[in-house]
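Dear colleague,

I am handing over the structure below, together with some notes on what was found in it. Please read the notes with the structure open beside them.

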Amino acid sequence: MQLIKNMTQLELCALPVPSLTDSYTPVPHQELFDTIETALDKAGLIVDKTTFMGARDGKQLIGFYDLEPNDDGLVHRIGLKNSYDKTMSLGFVSGVGAWICGNSCLFGDHTLSRIHTGKADVVLFNYINEVIESLPIEMAAARLLKQELSNKQDGIIKLISSDL
């Protein structure tokens, strides 16, 4: 059984990055954090909470950025996964309720999972920037949809109440 423990960004970034080989492209945890945090800052999004977990002495990473909730209570989450021991693919997930399972499956509105080969780092970093750049618009649309559904629900409740 693998022990999974909470770790800090500093602890994870202090780990030695494995060497590049013909069949393996390591992606430093620090580069993942920097890419996500720079894109969030550029998009004007504020992080409310971060959670980072490591297994195999930090060689496997699962992390989450919970964005500051708006008045509507929706919390948008960004998740990432990475490994330094070739046991888990590189991944990114984004959405309301985004999640990464213990078996490293990604669930969310936007997901990308890629093995550590070739230009995996470039593909992932481009995807992260593209998704985060679009988040303010998507988050506004989610708020409008939630409000619209709430208004319809209120109307249905009033209609039912008037029939009683």
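In this predicted model, His 76 is in contact, leaving aside its neighbours within four places in sequence, with Tyr 65, Asp 66, Leu 67, Ser 94, Gly 95, Val 96, Leu 135 and Met 139. One of these residues, Ser 94, is also joined to His 76 by a polar contact of 2.9 Å between the side chains, and another, Val 96 in β5, stands opposite His 76. His 76 has a relative accessible area of 6%, and because this is under the 20% cut-off, His 76 counts as buried.

His 76 belongs to strand β4, which covers residues 76-83. Eight of the eight residues of β4 are buried, so the strand is largely enclosed by the rest of the structure; His 76, Ile 78, Leu 80 and Asn 82 lie on one side, and Arg 77, Gly 79, Lys 81 and Ser 83 on the other. With β3, β4 pairs in the antiparallel sense over seven bridges, and with β5 it pairs in the antiparallel sense over six bridges. In the hairpin of β4 and β5, six residues lie between the strands, and Lys 86 takes a positive phi near 65°.

As for the nonpolar cores, the largest has 27 residues, of which Ile 36, Phe 92 and Ile 132 touch the most other members. Two or more residues of this core come from each of α2, β3, β4, β5 and α3, and the largest share, nine residues, is given by α3. A second, separate core has seven residues, among them Phe 64, Met 88, Ala 98 and Leu 106.

With best regards

Note on methods:
Residues numbered from 1 in each chain as written. Predicted model: local features only at pLDDT ≥ 70, side-chain atom pairs only at ≥ 80, totals over all residues. Heavy atoms only, no water. Helix = DSSP H or I, 4+ residues; strand = E, 2+ residues; numbered from the N terminus. Buried < 20%, exposed > 50% of the residue type's maximum accessible area, 1.4 Å probe, protein only. Polar contact = N/O pair within 3.5 Å; in protein donor to acceptor, adjacent residues only side chain to side chain. Contact = heavy atoms within 4.5 Å. Core = buried A, V, L, I, M, F, W, Y, C linked by side-chain atoms within 4.5 Å. Pairing = 2+ DSSP bridges.
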